[in-house]
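This report goes through a protein structure for a reader who has not seen it before.

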Amino acid sequence: MRAAAVAMLVAVMAAAPAQAAEAQDDPLLPSARACRGAVNVDAHPRTQRLAMHCLVNLIRREAGRRKVRSSAVLRHSATYKARRMAECKRFTHSPCGDDLAAPFHQADLTRGRPWFVGENLGWRPIRESAAHEVVRGWLASPSHRRVLLDRRFTHLGVRRRRMRLDDLPAGIVMWVAHLGTPKRG
């Protein structure tokens, strides 16, 4: 049964300026200039995606966790999740009623063996959508923080996408971060 092949941690974040302000002093938050493109909302999407990966690894290092490696298959699952949210025009872990594990199965993540995965979602207005701002919000949220710092994770895939959703203001950028590790055994 494919649904049993993925164990998940999930977290969702809306634009939360109060939480983001609290995270300003978070000792795990890297400086705004620590990663190229981390504060530049006009940077090329690949640059912004790489900045998010860099920020996640700096946070994990500061917390005494191992770095996560880039994963094409997790990037594909994150892309699928963002695409489904855009199609259904809803900010949710289950767009269009999809099963939580759907993007991981769609990306064939579980083809060879089961994985343990986590998902962070976040959105910001376009002019506030830099990777550094999104990570600041994730750190301020206990559930997002747990996903970012989970010791089991070894891989990361990220997707950033502009979209218009029915339940959010016009002109937002959605971030999807999928973290995971293959299960042993």
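## Salt bridges

Arg127 and Asp42 form a salt bridge in which the closest N and O atoms are 3.0 Å apart. Arg127 belongs to the loop between E3 and H5, and Asp42 to the loop between H1 and H2, so this bridge ties together parts that are 85 residues apart in sequence. Both Arg127 and Asp42 are exposed. The model is a predicted one.

A search of the whole structure finds 7 salt bridges. Three of them are set out below.

| Salt bridge | Closest N to O | Location |
|---|---|---|
| Arg127 and Asp42 | 3.0 Å | loop between E3 and H5; loop between H1 and H2 |
| Arg84 and Asp98 | 2.8 Å | helix H3; loop between H3 and H4 |

In the bridge between Arg84 and Asp98, the partners are 14 residues apart and the pair links distant parts of the chain. Is Arg84 buried or exposed? With a relative accessible area of 18%, Arg84 is buried. Asp98 also counts as buried, at 15% relative accessibility.

An α-helix has 3.6 residues a turn, so residues three or four places apart point the same way. Glu133 is partly exposed, its relative accessible area being 27%, whereas Arg136 is buried at 8%. Elsewhere, salt bridges with shared partners join Arg84, Glu87 and Asp98 into one network.

## Helix H3

Arg84 lies in helix H3, which comprises residues 72-88. How far apart are the end C-alpha atoms of this helix? At 1.5 Å a residue, its 17 residues should span 24 Å, and the end C-alpha atoms are 24 Å apart, which agrees. The expected span is 1.5 Å times one less than the number of residues.

Buried residues of H3 include Leu74, Ala78, Tyr80, Met85 and Cys88, and also Lys81 and Arg84. What covers the buried residues of H3? The covering elements include H4, E3, E4 and strand E5 (172-182).

## Nonpolar cores

In soluble globular proteins, nonpolar side chains tend to be buried together. Here the largest nonpolar core has 27 residues. Those with the most contacts inside this core are Met52, Val135, Trp138, Leu139, Leu156, Trp175 and Leu179. Helix H2 (45-62), helix H5 (131-140), H6, E4 and E5 each supply at least two residues of the core.

Leu139, one of the residues with the most contacts inside the largest core, touches Asp26, Leu28, Leu29, Ile59, Arg145 and Leu148 when residues up to four places away in sequence are not counted.

## Disulfide

The whole structure holds 1 disulfide by the search made. Cys35 is joined to Cys54, with an S to S distance of 2.0 Å. The torsion about this S-S bond is about -75°, so the disulfide is left-handed. The two cysteines are 19 residues apart: Cys35 is in the loop between helix H1 (17-23) and H2, and Cys54 is in helix H2. Cys35 is buried, with a relative accessible area of 3%, while Cys54 counts as partly exposed at 27%.

## Aromatic pair

The search of the whole structure finds 1 aromatic pair. Phe116 and Phe153 are stacked, at 5.5 Å centre to centre and with 20° between the planes. An angle under 30 degrees counts as stacked. Phe116 is in strand E3 and Phe153 in the loop between helix H6 (142-149) and strand E4 (155-163), 37 residues apart. Phe116 is buried at 11% relative accessible area, and Phe153 is buried at 0%.

## Positive phi angles

Most residues other than glycine have a negative phi. Asp108 has a positive phi, near 60°. Asp108 sits in the loop between helix H4 (102-106) and strand E3 (115-125), and is partly exposed, with a relative accessible area of 34%. Lys89, which follows H3, has a positive phi near 60°.

Terms used. Residues numbered from 1 in each chain as written. Predicted model: local features only at pLDDT ≥ 70, side-chain atom pairs only at ≥ 80, totals over all residues. Heavy atoms only, no water. Helix = DSSP H or I, 4+ residues; strand = E, 2+ residues; numbered from the N terminus. Buried < 20%, exposed > 50% of the residue type's maximum accessible area, 1.4 Å probe, protein only. Phe/Tyr/Trp six-rings, centres within 6.5 Å; stacked < 30°, edge-to-face > 60°. Contact = heavy atoms within 4.5 Å. Core = buried A, V, L, I, M, F, W, Y, C linked by side-chain atoms within 4.5 Å. Disulfide = S-S within 2.5 Å. Salt bridge = Lys/Arg side-chain N within 4 Å of Asp/Glu carboxyl O.
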